[in-house]
Amino acid sequence: ARGLRGMGNHGMNECKARVSISSEPDDFQVSKIHQKTVTPFFNFVSKITYDGQPEEFLASHLVIEILHDRGILNEKLVGLIQIGILDVFLSRDHKVPLQWFPISDITCDEPAIPTGYVRLNVIINTTDEPGAVQDDIPEAERGRTELLEIPRQHPFVTSTGMYNIIFKMFQGLDLRVVEKTLWESADPFVRIVVPTGENRTDTRTSDLNPVWNQQLQIPMYEPMFRQM
């Protein structure tokens, strides 16, 4: 990982990674702790075995969390990324290749700004399929030059492989009442938040069946990575 937000009093982290799957959140795996760093080299392989219905498996997602360990105190979240199992399954060879991903903390005051970057790959295979769960990292990859490459240094700088995602918001129907006043209504709007930005519609006052007819545009990007 690189460029992590420091959560400790020393401005760095007692850093560890935790990997889980949404269908079984209590079954997680944790890396060892890397002390006083914002650039940990985890070299951590997590293998999660799923035994159940394909429908539930393909509807689930992986959760990769980067945490600041505080001993007997509750750990702090540096940031996380969620990767859909179906997205991995539909990728070539059922694999997301090794590349950088931004992580974010959607509970903080600035949920759209990345709190760091992690480099990882994901592979899906059957339990009786031969081969490793993760491609080996060549020794040259562990050099300082390559490891210090970060996809972008500032959250608002356009990077290679940037796309604009367009959302067309038409209307809402039978929305829940959130203000139990005389009129029992709500002031709805739609907000879309991603690690690279956020956007929102106008607010429709006192309307449980709002009509927006608005188009929201948000930039998305592919982190730069070198084909191994």
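pLDDT is the predictor's confidence in each residue, on a scale from 0 to 100. We start there, as this is a predicted model, in which local features need a pLDDT of at least 70 and side-chain atom pairs count only at 80 or more, while totals for chains, interfaces and linings use all residues. Residues are numbered from 1 along each chain as its sequence is written, and side-chain values use heavy atoms, with hydrogens and water left out.

**How confident is the model?**

The protein has a mean pLDDT of 77, and 76% of its residues reach 70 or more. Confidence is highest in strand E1, at a mean of 94, and lowest in helix H3 (residues 144–147), at 40. Residues 131–161 have a pLDDT below 50, and beyond near neighbours in sequence this stretch has 54 contacts in the model. A contact here means heavy atoms within 4.5 Å. Residues 223–228 also have a pLDDT below 50, with 17 contacts beyond near neighbours in sequence.

**The overall layout**

The protein has three helices and 11 strands. These are DSSP runs, numbered from the N terminus: helices (H or I) have at least four residues and strands (E) at least two. Reading from the N terminus, the order is β-β-β-α-β-β-α-β-β-α-β-β-β-β. Of the contacts between residues at least 6 apart in sequence, 59% join residues at least 24 apart.

Of the 228 residues, 37% are buried. Buried means under 20% relative accessible area, exposed means over 50%, and partly exposed lies in between (1.4 Å probe, protein chains only). The protein exposes about 14,500 Å², and carbon and sulfur atoms supply 51% of that area.

**Inside the protein**

Which residues have the most contacts inside the largest nonpolar core? They are Ile66 and Val118, in a core of 24 residues. A nonpolar core is a set of buried Ala, Val, Leu, Ile, Met, Phe, Trp, Tyr and Cys residues joined through side-chain atoms within 4.5 Å. At least two residues of this core come from each of E1 (13–21), E4 (61–70), E5 (73–84), helix H2 (85–90), E6 (95–103) and E7 (116–123). Strand E1 gives the most, with four residues.

Leaving out residues up to four places away in sequence, Val118 touches Ala1, Ile66, Ile81, Gln99, Trp100, Phe101 and Ile103. Another core lies apart from the one described above and has seven residues, including Met169, Ile192, Val194 and Trp212.

His68 sits in strand E4. With a relative accessible area of 5%, His68 is buried. Its contacts, neighbours within four places aside, are Met7, Gly8, Met12, Asn13, Glu14, Glu75, Lys76 and Val78. His68 and Met12 are 56 residues apart in sequence, yet their C-alpha atoms are 8.8 Å apart.

**Charged pairs**

The structure holds five salt bridges, each a side-chain nitrogen of Lys or Arg within 4 Å of a carboxyl oxygen of Asp or Glu.

Arg18 is buried, at 17% relative accessible area, whereas Glu75 is partly exposed, at 30%. Lys16 is buried, at 11%, and Asp69 is buried, at 18%. Lys16, Arg18, Glu65, Asp69 and Glu75 are linked in a network of salt bridges.

What about Arg5 and Asp105: buried or partly exposed? Arg5 is partly exposed, at 29% relative accessible area, while Asp105 is buried, at 8%.

**On the surface**

Leu86, Phe89 and Leu90 make a nonpolar surface patch of about 290 Å². For such a patch, nonpolar side chains (Val, Leu, Ile, Met, Phe, Trp, Tyr) are joined within 5 Å, using residues with over 30% relative accessible area and no salt bridge. Leu86 belongs to helix H2 and is partly exposed, at 39% relative accessibility.

Asn43 is partly exposed, at 48% relative accessibility, whereas Asn213 is exposed, at 57%.

Terms used
Accessible areas come from the Shrake-Rupley method with a 1.4 Å probe; for residues, only the protein chains shown count as cover. Patches are made of residues with over 30% relative accessible area and no salt bridge: like charges are joined within 9 Å, nonpolar side chains (Val, Leu, Ile, Met, Phe, Trp, Tyr) within 5 Å.
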